[in-house]
Amino acid sequence: MIKKIAVLTSGGDAPGMNAAVRVVIRTALYYGLEAYVVYDGYRGLVDGNIIQVHKEFTQDIINRGGTIIGTARCPEFMDPKVVKRAARNLKDLDIDALVGIGGDGTFRGLKDLAEAGINVVGVPATIDNDVASSDETIGFSTALNTICECIDRIKDTSTSHQRCSLIEVMGHHCGDLALYSSIAEAAELVVTHDHHLSDEEICKRLRKLRVQKKGHAVVVVSEKLLDIRALADKIREDTGFETKVEILGHLQRGGAPSAHDRILASLMGSKAVECLVQGESKKIICMYHNEVIVRDIDEALSMKHDSHEEMLKLVNILQ
Ligand code: F6P
């Protein structure tokens, strides 16, 4: 039976991470365990930046964006010697279990720690929604709402001026934020890794809109896919549309988590601790058809992301 449990957040922060940290600590205390937080993700684990926390630590954090225990990108964690040092730091404090909150990169780190003798469970949290094993990740709903709010504002001005707005949204290599926001915003076009349109095709469709006397257009583009400024130049030249580029950037990641993300985080984080209490390890907590389920880490990491055929079909109907 485990006695001490630690929690860390890793990778890009996501709204709802604090709600997950909160519930991990509270569930651990509920089961009579000592609770610890690791500051700054795997970097803090390697540096031994670990402190014991009590219930007071969890007060007034459920509504806060970002992660109050910090996060980091830690490529050094690929080195087995670094993983060993991190595991040693936990063992020196007699911490037997770790909950890692983040994306697939975080889970690969957990897998390595499991091989170094630590009980581990992962909780998916990233705005990108690119954890294939889970229908949804903590932070996605909030980021989607933020993007929609931004596009609503951009539309107010672009329709007034009859402009074309090229809007780049985050997602790493996953098009979910672009796809979902384009549907919610009735965008004229969306371009993602799974719904790729050539520059020529984009211009052709925009020219057609001009002929139909549509005075403005919103084109949502996934990041890391194309040079959005070069595309804007091409649209201006080919279609005559006055075109503005809007790269939404990190504001998509900030802000108070939606009620949905707070609840998702609470359900998944609590389940993570229960798994560890029941003696399970090397697991990922996932949403599957609106239920919280538990998958083996190897199975989870080998899964392929759903390309959302139904939504892509809808895009073809609507755009
Ligand atoms: O994974 C979340 C994310 O916001 C991606 O959408 C984006 O590509 C990346 O992180 C940006 O990372 P950073 O904040 O380290 O620049």
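**View 1. Isoleucine 5 stands opposite alanine 97 in strand S4.** Welcome to this predicted model, where local features need pLDDT of at least 70, side-chain atom pairs count only at pLDDT 80 or more, and totals for chains, interfaces and linings use all residues. Residues are numbered from 1 along each chain as its sequence is written, and side-chain values use heavy atoms, leaving out hydrogens and water. Strand S1 (residues 4-9) runs parallel to S4, joined by 5 bridges; strands pair if DSSP finds at least two bridges between them. On to the next neighbour: S4 and strand S5 (residues 119-124) also run parallel, with 6 bridges, and valine 99 has valine 121 of S5 as its bridge partner. Strands (E, at least two residues) and helices (H or I, at least four) are DSSP runs numbered from the N terminus.

**View 2. Strand S4 (residues 97-102) is largely enclosed by the rest of the structure, because 6 of its 6 residues are buried.** Buried means under 20% relative accessible area, exposed over 50%, and partly exposed in between (1.4 Å probe, protein chains only). In a regular strand, side chains alternate between the two faces of the sheet. Here one side holds Ala97, Val99 and Ile101, and the other Leu98, Gly100 and Gly102, all buried.

**View 3. Leucine 314, in helix H11 (residues 309-318), is partly exposed at 34% relative accessibility.**
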